[in-house]
Amino acid sequence: MLGDILHPVTETPRNLFPVEFLYFIHNYMNKPLFMWAGGKTKMIKHYLPHMPSEVKSYCEPFFGGGAMFIHVMTKYNPDRAVINDINQDIMRIYRAIKTDYKNFITFVDALESKYLPLSKPDRKKMYYETRYMHAWHYGHWCNTQEAATLYFLLKTGFNGVYQLNHNTNGRYGTPAGLLNQKDKVYDRNVLQWWNNVLQQTEICSRDWKDVVDMEDDTFYFCDPPYRQSFANYGHSFTDDMCKELIQFCDSKSNVMLCNRDDDEWFADQHHTMNTTNFDANYTVGRKGKKEAKEILLWKTA
Ligand SMILES: C[S@@+](CC[C@H](N)C(=O)[O-])C[C@H]1O[C@@H](n2cnc3c(N)ncnc32)[C@H](O)[C@@H]1O
């Protein structure tokens with residue numbers, strides 16, 4: 001099993017395959033359910049050298065697409081895992097996949113089979129009609145239909161941008177994506193993986209401070225919104241909030257905190273964590289790329 005190959009105590013497979021190859025395979029098989037601005041899939045390789053040797057209890061208070069969760073569940077299989085994001089709409093997706101999987105699939109499949117045979121202009125029309133229904137008519141839907149519809153929109157919308165608009169009732173209002181899917185909108189194997197792994201996971205949707213009171217040996221992975229980013233996911237995260245988070249992380253012995261660090265703001269903050277910087281590229285608009293500096297603050301056992 002891949003989980004065995006990735007387990008830290010299985011020396012032989014580790015020696016047989018370079019770590020980069022293992023993580024390519026791992027990321028290929030288990031993926032975030034949807035693209036999410038600030039998602040950490042590509043950054044995980046930089047965090048690996050600083051990961052704890054074991055994780056019995058795991059908490060990810062700023063979950064988004066949960067790139068680190070995938071890694072932790074695959075490699076460490078902790079006894080307890082708590083995931084949280086203040087965005088109730090996306091956490092409803094995880095909850096529906098955990099507790100009402102069959103109906104979730106039925107709703108998404110109905111949208112998918114209506115969408116796939118359409119021409120591009122008709123797909124676009126369907127996307128905006130579905131977005132309109134999600135914005136204004138969700139009150140008539142059960143939680144699972146609401147979650148499945150948002151999931152469909154995230155899979156067909158523009159590139160992991162989560163935009164809230166006045167004209168979509170303050171709800172999901174991202175424009176359509178390229179709409180060029182060939183034979184599927186989502187990967188059932190990925191959904192199945194999430195359904196399995198969420199059975200042993202507590203799902204919350206609150207402010208981060210409400211979920212971080214856990215066992216002493218808990219490994220916390222904290223990936224708050226980037227400082228000074230326009231992508232605030234509908235909830236701003238000020239520098240004062242960031243300072244509070246730094247203080248919390250500093251009081252723990254098994255913790256990682258990541259962010260952008262273009263202005264070296266973190267160097268002026270008082271804490272005792274280790275820090276490591278990385279160069280990263282991020283996408284701007286449909287084609288552009290911009291270079292950025294990222295920071296990882298960490299203390300692990
Ligand atoms: C950078 S993203 C996390 C990305 C994630 N690590 C991934 O790999 O996809 C930051 C997340 O923090 C959430 N967030 C913002 N303010 C929050 C708060 N006060 N408490 C909990 N979550 C919050 C946002 O909704 C967003 O999903």
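**Exercise 1. Describe how helix α6 and helix α10 pack, from the angle and distance of their axes to the residues that touch.**

Solution. Start with the geometry: α6 (residues 88–99) and α10 (residues 188–198) pack at about 80°, and their axes lie 8 Å apart. Axes here are lines fitted to C-alpha atoms, for helices over the stretch in contact, with angles running from 0 to 180 degrees between N-to-C directions. Helices (H or I, at least four residues) and strands (E, at least two) are DSSP runs, numbered from the N terminus.

Next, name the arrangement. With that angle, α6 is roughly perpendicular to α10. The classes are roughly parallel under 35 degrees, roughly antiparallel over 145, roughly perpendicular from 65 to 115, and oblique for the rest.

Now find the contact. From α6 come Tyr 94, Ile 97 and Lys 98, and from α10 come Leu 191, Trp 194, Asn 195 and Leu 198. Two residues are in contact if their C-beta atoms, placed from the backbone, lie within 7 Å. Sorted by class, the contact of α6 with α10 has five nonpolar, one polar and one charged residues. Ala, Val, Leu, Ile, Met, Phe, Trp, Tyr, Cys and Pro count as nonpolar, Asp, Glu, Lys and Arg as charged, and the others, Gly among them, as polar.

A word on the model before we go on: it is predicted, so local features need pLDDT of at least 70 and side-chain atom pairs count only at pLDDT 80 or more, while totals for chains, interfaces and linings use all residues. Residues are numbered from 1 along each chain as its sequence is written.

**Exercise 2. Work out how α6 and helix α9 are arranged, and which residues make their contact.**

Solution. First, α6 and α9 (residues 143–156) pack at about 110°, with axes 8 Å apart. The two helices are therefore roughly perpendicular to each other. Their crossing is left-handed, a term used if the near helix is turned anticlockwise from the far one by less than a right angle (right-handed if clockwise).

Then list the partners: Asp 89, Arg 92, Ile 93 and Ala 96 of α6 meet a set in α9 that includes Asn 143, Glu 146, Leu 150 and Tyr 151. This contact of α6 with α9 divides into six nonpolar, two polar and three charged residues.

**Exercise 3. Locate Asn 169 and Leu 179, and give the phi and exposure of each.**

Solution. Recall the background: most residues other than glycine have a negative phi. Asn 169 is not a glycine, yet has a positive phi of about 65°. Leu 179, also not a glycine, has a positive phi of about 60°.

For location, Asn 169 lies in the loop between α9 and α10, and Leu 179 lies in the loop between α9 and α10 too.

Leu 179 counts as partly exposed, with 18 C-beta neighbours inside 10 Å. A residue is buried if 20 or more other C-beta atoms, placed from the backbone, lie within 10 Å of its own, exposed if 12 or fewer, and partly exposed in between.
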